[in-house]
Amino acid sequence: MARRSRGGGIVTDAASKADAAATRVVFRRGAARLVLVSTIAWAMLGLLALAFHLRPCSSPVTFLSALCKKDSKVLSVLDSMGLSSKPLHRCPIPVADDPNAVAIPKRTPNTIVKKLSYITVDKQDKDPSPLFGGRQNWKQREESFKLNSTMKVHCGFMKNSGADMDIIDVKYIQKCKFVVASGIFDGYDIPHQPSNISRRSQKLFCFLMVVDEVSLDFIEKNTTVKIDSAGGKWVGIWRLITVHRLPFDEPRRNGKIPKILTHRLFPQAWYSIWIDGKMELIVDPLLILERYLWRGKYTFAVAVHKHHRSIYEEGDAIKRRKRYARPLVDLQMKMYYYEGMEPWSPKKKMPSDVPEGAVLIREHTTMTDLFSCLWFNEVNLFTPRDQISFGYVEHRLGDALKFFMFPNCEYNSLFILHRHTREHSSKVEWAKTIDEIVKKGLKESRGGLGLWTPYPADLSSMELPAVKRTSPAG
């Protein structure tokens with residue numbers, strides 16, 4: 001069958017089908033070429049972004065340098081496409097090859113603060129069961145930040161205030177100059193055995209797991225506890241150190257005692273590595289000291305927080321995740337802001353004001369010990385959220401203590417994280433107002449008393465700095 005074309009010619013059905021087939025072939029080839037070119041363009045753009053994330057952000061080209069700016073529109077577009085690089089969760093730690101080849105250096109000399117002692121009795125405290133942290137007033141708190149060659153400060157362990165150890169444990173720790181310490185309170189974990197520990201470190205270090213009576217009972221029911229000839233209790237490499245008469249109502253506060261006041265609990269220690277109870281250490285502790293302290297001549301090392309740099313970001317996350325009563329977190333931050341604690345910025349000397357507090361690496365000099373005392377005093381006076389108070393104490397002491405805040409990806413390579421046996425929660429964490437805390441009887445009786453003591457300034461009109469939420473994680 002034939003039909004007349006628009007030009008007047010005769011076109012057969014066969015010719016029409018041939019033309020249509022040819023058109024389809026051309027279209028398919030064009031589409032294939034378009035997909036190929038687009039794919040190559042996307043790949044080149046991704047490689048370009050990756051290349052300039054792996055190099056220092058020093059390109060004179062505006063587009064390329066913008067790739068390195070966290071808040072740049074270019075990076076935002078690339079991130080929406082899935083092309084921007086993400087911070088590594090884990091990365092290799094540049095540790096020495098052999099623990100047996102590590103040379104232990106001489107102790108760091110005490111220069112600024114040469115003699116440090118502790119207040120153990122408050123004259124104004126007539127209570128037969130004194131507060132563990134003492135009754136530090138505002139003037140004493142302020143004076144404690146003024147550095148002198150000889151200092152005497154509050155540092156927990158007030159006379160007859162609790163946190164007592166058994167005699168056999170007190171005798172055992174006298175020999176402990178190199179310590180790996182951890183703690184379990186209120187039965188939230190069981191001890192996790194470290195791995196990759198050299199024979200040298202096994203002989204050199206004391207592995208001390210501080211537990212309360214509740215946790216000891218839980219551990220004895222759920223794992224094997226061996227008793228040595230002297231009566232000491234062991235779970236694998238961990239020597240269990242039981243503390244009695246817990247000083248605080250709040251388990252989180254009790255956990256700060258061995259964590260922050262390691263030098264008070266184990267006064268013979270020259271060096272200590274603290275890891276939280278839910279962690280399994282996977283790096284030799286001697287290599288940790290060499291990497292984070294001795295190599296750079298530091299006396300205190302802690303990792304940068306994964307998400308937050310400012311204590312005001314951290315406080316906002318604490319409130320969102322209901323980790324402590326919102327009005328009390330706000331009150332603590334208002335005090336710090338009033339006292340001159342500015343939000344973190346790249347102009348600050350420290351890479352962050354917020355640490356990952358689950359791993360602390362310290363040489364116990366007088367300056368390091370003073371920092372720990374002042375840090376604990378803030379935790380004792382205010383909220384138990386120590387990541388807020390860490391940056392404040394560092395701010396007050398200025399350059400007196402040489403910190404090493406190392407990359408977060410290295411921090412995550414030091415351990416394997418295990419789940420708690422159960423989640424911790426206390427009613428005060430959910431409180432939204434001061435009235436609610438008071439009416440429901442949620443106020444702690446032996447900790448956080450600075451939050452209920454009249455502050456020597458009017459904070460009612462104090463506005464906290466605006467927080468830009470850079471991550472949904474807390």
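Is C206 buried or exposed? In this predicted model, C206 counts as buried because its relative accessibility is 5%, under the 20% limit. Its partner is C176, with the two sulfur atoms 2.2 Å apart. C176 is likewise buried, at 0% relative accessibility. The torsion about their S-S bond is about -90°, so this disulfide is left-handed. The link spans 30 residues, from the loop between α5 (167-173) and β6 (178-184), which holds C176, to strand β7 (residues 205-211), which holds C206.

The disulfide count comes to three. C155 is joined to C373, S to S 2.1 Å. The torsion about this S-S bond is about -80°, so the link of C155 and C373 is left-handed. C155 lies in the loop between β4 (150-154) and β5 (164-165), and C373 lies in helix α13, 218 residues apart. Relative accessibility is 0% for C155, and C373 is buried with a relative accessible area of 0%.

A disulfide also joins C91 to C409, S to S 2.1 Å. This link is right-handed, with 70° about the S-S bond. It ties the loop between α3 (73-80) and β3 (115-119) to helix α15 (residues 408-411), across 318 residues. Both C91 and C409 are buried.

The largest nonpolar core holds 74 residues. L208, F266, F300, F371 and W375 touch the most other members. Helix α13 (residues 366-381) gives the most to this core, with nine residues. Beyond its neighbours within four places in sequence, W375 is in contact with I260, F300, L360, D386, S389, F390 and V393. Another core, of 39 residues, lies apart and includes W238, L240, M279 and I288.

Conventions:
Residues numbered from 1 in each chain as written. Predicted model: local features only at pLDDT ≥ 70, side-chain atom pairs only at ≥ 80, totals over all residues. Heavy atoms only, no water. Core = buried A, V, L, I, M, F, W, Y, C linked by side-chain atoms within 4.5 Å. Buried < 20%, exposed > 50% of the residue type's maximum accessible area, 1.4 Å probe, protein only. Helix = DSSP H or I, 4+ residues; strand = E, 2+ residues; numbered from the N terminus. Contact = heavy atoms within 4.5 Å. Disulfide = S-S within 2.5 Å.
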